[in-house]
Amino acid sequence: MNQDHFDIDSSEPRGSTFDFKGFLFKALNLWKLVLLSIGVALVVAYLINVRKENVYQLGSLISVESDQNPFFTANTSISFNWGGVSGKVGKIMTSINTRRHNELVVDSLQYYMRYLVEGKYRKVDVYTAAPFKFSIDKTQGQLLSQPIGIRFLDNEQFEVFADFTSEQKSVQRYADKAKYNVTVPLGAFSQTFRFGDSIKLPFLNGVITSRAGKRIIPNTEFFVQFLNFDGVVYSYQRAVKINPYSRSSSVLSLTMAGTNKAKIVDYLNATTAILSKTELERKNLYATNTIKFIDSSLNAVNDNLKDVTDEMNAFRKQNKVFDVNEEMTELSGKLRQLDVQKETEQSKLDYLNSLETYLRTKTDYTNIAAPTSVGIQEGNILSSVGKITALAIERQSLEYTTKEGNILFKDLDRQINAEKNVLLETIDATRTTIGIYLSSINNKIAKFEAELSELPEEQQEYLKIERKMNISQEAYDVYLDKRSEAAIVKAANVSDISVIDEAKDIGNPPIGPNKSLNYMMALMIGFFTPMFLIFIIYLLDHTIHGSDEVEQLSNIPILGLVGKYNYKNNLVVYEKPKSAVAESFRAIRSSLQFIYKKQGVSDKGRTLMITSSVSGEGKTFCSINMATVYALSGKKTILLGLDLRKPKIFGDFNITNDKGVVNYLIEESALEEVKFTTHIENLDIIPSGPVPPNPSELLMSDSMRSLISQLRETYDIIVLDTPPLGLVTDALELAQFADASIFMVRLDYTKKGMLSLINAKYKAGEVKNISFVLNFYKHKTNHNYGYGYGYGYGYGYGYGVYGNAYHENDKQSMWKRFRQFLKRI
């Protein structure tokens, strides 16, 4: 007898590679879940969109130039270092995002206070649209975070109300930005005030006035909310985006996005104004220091002039007026010129001494006065002082934008020290030159004073006082002229930052939220989330769901399909002969007939073993119905219950399990005593009998071989209902008696790993002539729609799916139909 009933490919099964087609059909089966997920995601996106405030973006343009003072000419005696555009654009771009700059802007606009009104989904910031204005008392604390209600009673009065859940609340004093706790009244609070009254509460301090041009409607409610100053500054610190308007351009574009266009406009314009003011102050720093130095010198000269004038007046009161001859007058004029020269050179010397002390003792070199303010025209000194001052201002600006320890600081400090060393050497050389010149002047003065000593004592005193007065007056006039010149230069100075196009609300449409993008994201999330879950479930699912998975995992052929059919017992073929399940078993019978003929098995005494991997896969159901379908075809059939551990087949035939195969194998009863005739024509049954302690040994005994031999002589078909192959080895012992074997695979139940077990048994030759029968087959579960696996598979497929004409007209209740509908989805 040829054992191999089909020409089976001897190659290994293709393995458990990912089945994209199976995953696709799995997803298609759950299309309603995917659709529901998309619907939920779109609803969530809609709820988010309707609750989001519109976001607007506005901008302005500024220019960064190195503007020269129109009063600064070649004839101006006091010169200043104006710098240039190089590097200034980058500094301005960095300065706008510094904390110090944004603190000035936020403080000037008081953006730590918000005017709110109750909206549909949240409290909305109405800014200047509120019909009132709250003037903050910065010296007192204001309640943080919790909105304080303002209810208008009429055009004269309003009510302040709040509800406190705790007695301790945090407030902030905006004068010094200090935060501390205060005690507030617990529960609901309300108090009436008049417009213009000073509000002095533990949590609110200031004055509320009506805003010009706004109408107050009685019984309307607004809210005032105060925010942490540092938190507000932090939120605005990166809000303004600044970029060059074009490549290699000194024009900068400032843009800012937010929910209130009026606040954006004010913030951008305030940013530009404060930035321009700050830059002008830095630009004027050199001139300001020079004016301070001249003022201090001017005060000293003024005091000296007053003292000399008083001395002259006192002298004239005490002495009569007298005339000095022409020669002495000329000599006195020469002395006066020498005294002026000496005073000028002494001022230079004092300036150089002060400058040296300053350079050696100070680290901040931004307060150096211009050397030209005392008449120093030495080019090296002017150049060095200008460079040191410019570098010091640059370093000071860098402190606001760069962390200490940066390599940029080291580079600037190196340049400052180099220039300082050069300047100190130049000061020594210049001081020596001035000293020599002063000695010469002193010699000339001594010579002329010796000539004047011949005059009377009163005339000498008069001339001395007159000389001092003239010197003081001339020094005073010189300093006064220089101060006026410096003040004119400073007043006429302009900022390097100018506004080209200020921020303005011209009806800009919102730039966000991007509702279309939100819906698109919701669509993607709603689709891919369930798909991902299905993918994970599919990967973790180790059960067999379709015939293609069986084909992929094993080379053993599929003999047929048996659909799911809910019925009260296992006698479906006998009691429902027109059902699709009955047709499926007939298809399997036809396929077995082909196998038997190919194997050369005689028509008498054919055996059919039915087994499975585990319990619950339909092995007994298949055994009973295969025996029934053969019996109904006129074949003398016997069903042999060989599952000695878990007997089942007796219940459907209304017989007991008191006697059976076990009794025969232990030689307790004869064959006729354990054999029962059923109500189905041509079908006999031998139940398992009592559960023995050694089922495997009994099935291996000679009595078992003798039993099969006797049955072969009497019956045409012998159906062996065996134990599960994956749990015990009993079925392997019985495989030697089987002309054909059926391995039951229950879809959505049998594990894929069990096919590896039967593949190994088949490859080792422990089981032969074996085929698969797929139980609980559902059309939508299978992944292959257009073809079958041979005659039996194709026939069973056709009747299982398209065989509704063979169904008997069973009446089903509405509830049962609804349950079946739920199972289908």
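Is K263 buried or exposed? K263 counts as buried, because its relative accessibility is 10% and the cut-off for buried is under 20%. Keep that in mind while we walk through this predicted model.

Start with the whole protein. It has 825 residues, and 46% of them are buried. Its secondary structure comes to 24 helices and 24 strands. The accessible surface is about 41,300 Å². Carbon and sulfur atoms own 53% of that surface. Now look at contacts between residues with a separation of 6 or more. Of these, 79% join residues 24 or more positions apart.

Back to K263. Its partner is D125, and the two form a salt bridge. The closest N and O atoms are 2.9 Å apart. D125 sits in strand β3 (residues 123-125), while K263 sits in helix α6 (residues 261-283), so the pair ties together parts that are 138 residues apart in sequence. D125 is buried too, because its relative accessibility is 14%. Why can such pairs form? Side chains of opposite charge can pair when their charged atoms come close.

K261 forms a salt bridge with D505, with 3.3 Å between the closest N and O atoms. K261 lies in α6 and D505 lies in the loop between β16 (497-501) and α12, so this bridge ties together parts that are 244 residues apart in sequence. The two ends differ in cover. K261 is buried at 17% relative accessibility, whereas D505 is partly exposed at 39%.

The count of salt bridges comes to 25. R173 and D176 make one of them, at 2.9 Å from N to O. R173 is partly exposed at 23% relative accessibility, and D176 is partly exposed at 45%. Salt bridges can also link up: E356, R360, D428 and R431 are joined in a network.

Next, find the sheet. Eight strands form an open sheet with mixed pairing. Read across, the order is β17-β24-β23-β18-β22-β19-β21-β20. The edge strands are β17 (558-563) and β20 (676-677), and each pairs on one side only. Inside the order, β18 (residues 606-612) runs parallel to β22, and five bridges join them.

T722 lies in the loop between β22 (717-721) and α21 (730-734). How accessible is T722? Its relative accessibility is 0%, so T722 counts as buried. What does T722 touch? Leaving out residues up to four places away in sequence, its contacts are M609, I610, T611, K619, L642, D643, A731 and L734. With T611 there is also a polar contact between side chains, at 3.4 Å. The chain folds back here as well: K646 is 76 residues from T722 along the chain, yet their C-alpha atoms are separated by 9.9 Å.

Finish on the surface. Which residues form a nonpolar patch there? They are L517, M520, M521, L523, M524, I525, F527 and F528. Together they have about 730 Å² of accessible area. Take M521 as one of them. M521 lies in helix α12 (residues 515-540). At 40% relative accessibility, M521 counts as partly exposed. Compare T722, which is buried at 0%.

Key. Residues numbered from 1 in each chain as written. Predicted model: local features only at pLDDT ≥ 70, side-chain atom pairs only at ≥ 80, totals over all residues. Heavy atoms only, no water. Patch = residues over 30% accessible without salt bridge, like charges linked within 9 Å, V, L, I, M, F, W, Y side chains within 5 Å. Areas by Shrake-Rupley, 256 points an atom, 1.4 Å probe, with all protein chains shown as cover. Salt bridge = Lys/Arg side-chain N within 4 Å of Asp/Glu carboxyl O. Helix = DSSP H or I, 4+ residues; strand = E, 2+ residues; numbered from the N terminus. Buried < 20%, exposed > 50% of the residue type's maximum accessible area, 1.4 Å probe, protein only. Contact = heavy atoms within 4.5 Å. Polar contact = N/O pair within 3.5 Å; in protein donor to acceptor, adjacent residues only side chain to side chain. Pairing = 2+ DSSP bridges.
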